[in-house]
Every structure is written in C-alpha cells, then in structure tokens.
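This briefing is meant to be read beside the sequence and the coordinates.

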Amino acid sequence: KRKCKLIDKGMNFCHNYTMIIINNNNTDPFLNHAIEEHLIDRFEDECFMLWQNSPCLLIGRNQNVYQEINMDFVKEQKIDVVRRITGGGTVYNDWGNFNFTFISKNKDDFSDFKKFTIPILSALNKLGANARFEGRNDLVIDGKKISGNAQCKLKGKLLHHGTLLFDVNLENLARSLNPSFLKLESKAVASVKSRVTNIIDYLDRPLTIDGFRKKIVDEIKSIFPEAIIYDLTQSDLIRAEEIALSKYRQRKWNFPDRIDFTIRKEKKFPAGLVQIEMEIHKGKIKNISFYGDFFNEKDIGDVVDTLKGIEYQEKTIKSIMDSLDLDLYFKNIPKDCLLGLII
C-alpha cells in the first residue's frame with residue numbers, strides 16, 4: 001500500500017494509512033447514500049468522495065419528514081426525499097450542490113465536525129471565499145450558511161458528510177423546506193432555519209461547477225499527495241444498488257411509521273374555510289376532526305369514522321375518499337383540494 005503523509009496537523013487523521021479518493025459520477029441520491037455504506041465495507045482504509053445528487057431533500061435520521069418539507073411543492077417539482085443514516089437537519093440538493101464524504105477509521109472523532117472541514121475550508125479560501133467553521137456543524141461566509149455537516153458511527157468506522165452550496169436554486173431550497181400546513185407538533189428533531197448563500201457569489205474569479213469540483217479534489221490530493229484514485233466498478237454499483245433497494249428506496253425508511261405527530265391545518269376555499277386536526281400514531285390516523293364554516297348535507301362524522309384507523313398514506317386516503325360522495329359533506333369543495341389538505 002502507498003501511505004499518505006500527514007500534511008496538516010490540524011486534521012489529525014490516523015498515521016500510516018491509505019487515503020482513497022473515490023471517483024463517483026452517479027447522481028441518483030438513493031444510490032449515492034448506498035454507495036457510502038458500501039465503501040465502509042469495501043475498504044479498510046480512509047476514503048474521500050465528492051458527489052452530486054439530482055434535486056432532492058436529505059432528511060436527518062431522527063427527523064419527521066412531514067415537519068420538514070413542503071410536500072405539495074416537492075411533488076410538483078419531482079424532488080426526491082431520502083433519509084440519511086446520519087443525524088442533523090434536512091438539506092436541499094440540486095445540480096448546483098456538491099456533497100463530500102470522509103470515512104475514517106478513527107471512530108473516536110465522532111462529533112468532531114471541524115476536523116473534517118479543514119480541507120474544504122482550505123480550498124474555499126484559496127478561491128477567495130472567506131469561509132469559516134461556525135457553531136456545531138456549519139460552514140459560513142459572511143454569517144450565511146454554505147455547508148451543513150453530519151456524522152454517524154457504522155461498523156467500527158466514522159462516516160462524515162456535508163453539503164456545499166455552490167450555485168443552488170435558493171428559491172427552490174426555501175420553498176421545499178417550508179411545510180405548507182399551519183402547525184405540526186412532533187417529538188422528532190426539527191431543523192434549525194438559517195440564512196443560506198451560494199459559494200459562487202464570493203469567488204475572486206469566475207468558476208464553473210466542474211471547475212469547482214476539480215479545485216476541491218485537487219486540495220484533497222495536495223493534503224494527501226500519495227492518495228489513490230479509485231473508480232467505482234460495476235461490482236461496486238451492483239452491491240450499492242442492493243443496499244439501496246433494501247433501505248434507501250423503501251418508503252418505510254424515508255417515511256417511517258414510528259414517528260407520531262399531530263397536524264393542525266386550514267385552508268380558505270371559495271365555498272368556505274376548512275380546518276383539520278389529525279393525530280398520527282404508528283403510521284395510522286388515530287384521530288381526525290374537521291371544523292370550519294363550510295356547508296354540508298350529511299353528518300361530517302361519517303367521514304371521520306371512515307378515515308380513523310387507516311394508514312396515513314396518500315394512496316390509501318385517496319382510495320377511501322374516492323369511495324365517498326364528498327360533496328355531501330363539503331359542499332362545492334373539490335375532492336383534490338380536500339385530499340391535499342389531509343396529506
């Protein structure tokens with residue numbers, strides 16, 4: 001094995017190890033998270049990977065997805081939702097964002113976020129972006145967030161990954177992360193809202209996103225001059241896809257039943273105001289109530305009794321509502337609008 005030199009004392013990585021720089025051109029967010037897990041099994045040595053996702057939201061391991069995202073906007077824009085194995089808050093990815101991953105043998109570095117951002121900060125500062133580490137796990141420029149970082153221990157190793165907002169659509173970021181309902185109460189961990197910005201606005205010279213990728217990788221190479229470049233093989237991708245199919249592509253992984261929460265939501269329609277309160281327990285509607293100044297011919301209790309106890313999934317709820325003549329209960333309010341209010 002070729003050994004890597006410890007150049008920057010501030011990084012304090014393990015001595016006498018091989019740093020492997022993974023060349024990953026995949027943009028499927030479900031597969032990319034599976035690749036991270038595969039690399040932990042695949043190599044005994046330390047790894048670095050810079051990668052990109054198609055538009056998606058990455059949910060923290062302990063978060064309530066319904067609390068974090070604007071489901072209507074996410075569906076409209078066909079934005080994927082993927083739950084990470086790491087903690088932390090929800091982050092938005094699109095073609096203007098990169099993610100970076102370090103896999104370390106030194107699992108005792110858990111919660112030492114600053115160490116793994118040193119190479120990234122070095123690259124950014126060389127490009128004229130005066131970035132710094134701030135708080136628990138963020139990189140900022142002028143007090144605005146350009147990177148969030150998260151970690152977990154897995155199979156005796158430490159996985160650290162973070163985002164890099166290079167030229168992200170900030171309007172889509174904001175709209176996708178704002179829930180459309182009025183209030184949701186949950187015991188899950190909620191994201192902390194921060195001001196964000198793009199790295200591209202702070203560079204001292206023009207740079208394409210491909211050029212930015214090269215600068216980051218070049219910085220890693222300069223810190224670990226004898227690092228090995230590794231291209232993912234077909235065998236790697238097959239194994240990673242097996243992981244993705246068993247976990248990251250599973251609805252129950254991304255929208256787990258174990259999270260209990262209460263939703264309070266309302267919307268004003270031309271035919272009247274409709275308010276909903278729902279209690280979700282183990283993935284099912286435990287209680288639901290309707291209020292408002294809408295008109296109805298039949299007792300709204302019929303709808304309540306029909307929805308109680310069913311799975312809180314769009315397909316299931318739509319099937320139930322299709323079986324009812326909802327105009328008898330919510331006069332002149334379109335069925336699709338009511339469905340959108342519940343989901």
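The model is a predicted one. The protein has eleven helices and 15 strands, and 51% of its 343 residues are buried. Among contacts with a separation of 6 or more, 71% are between residues 24 or more positions apart.

**Helix H1**

- Helix H1 covers residues 29–42.
- At the N-terminal end, H1 is capped by Asp28. A side-chain oxygen of Asp28 lies 2.9 Å from the backbone nitrogen of Phe30.

**Packing of H1 on H7**

- Helix H7 is made up of residues 234–248. The axes of H1 and H7 come within 8 Å of each other and cross at roughly 115°.
- The crossing of H1 and H7 is right-handed.
- On the H1 side, the contact is formed by Phe30, Leu31, His33, Ala34, Ile35, Glu37, His38 and Arg42. On the H7 side, it is formed by Asp236, Leu237, Arg239, Ala240, Glu241, Ile243, Ala244, Lys247 and Tyr248.
- Nine of the residues in this contact between H1 and H7 are nonpolar, two are polar and six are charged.

**Asp236, a residue of H7**

- Asp236 is located in helix H7. With a relative accessibility of 3%, Asp236 falls under the 20% cut-off and therefore counts as buried.
- The side chains of Asp236 and His38 are joined by a polar contact of 2.8 Å.
- Leaving aside residues up to four places away in sequence, Asp236 touches His38, Arg42, Tyr230 and Asp231.

**Helices H10 and H11**

- Helix H10 runs over residues 314–322 and helix H11 over residues 335–342. Their axes come within 11 Å and cross at roughly 145°.
- The crossing of H10 and H11 is right-handed.
- H10 contributes Glu314, Ile317, Lys318, Met321 and Asp322 to the contact, and H11 contributes Lys335, Leu338, Leu339 and Ile342.
- The residues of the contact between H10 and H11 comprise five nonpolar and four charged ones, with no polar residue.

**Asp257, a loop residue**

- Asp257 sits in the loop between helix H8 (251–254) and strand E13 (261–269).
- Asp257 has a relative accessible area of 30% and is partly exposed.
- Apart from residues up to four places away in sequence, Asp257 touches Lys252, Lys282 and Gly283.
- Asp257 and Glu311 are 54 residues apart in sequence, and their C-alpha atoms are 9.2 Å apart in space.

Terms used: Residues numbered from 1 in each chain as written. Predicted model: local features only at pLDDT ≥ 70, side-chain atom pairs only at ≥ 80, totals over all residues. Heavy atoms only, no water. Helix = DSSP H or I, 4+ residues; strand = E, 2+ residues; numbered from the N terminus. Expected span 1.5 Å × (residues − 1). Polar contact = N/O pair within 3.5 Å; in protein donor to acceptor, adjacent residues only side chain to side chain. Axes fitted to C-alpha atoms, helices over the stretch in contact; angles between N-to-C directions. Left-handed = near helix turned anticlockwise from the far one by under 90°. Contact = heavy atoms within 4.5 Å. Nonpolar A, V, L, I, M, F, W, Y, C, P; charged D, E, K, R; others polar. Buried < 20%, exposed > 50% of the residue type's maximum accessible area, 1.4 Å probe, protein only.
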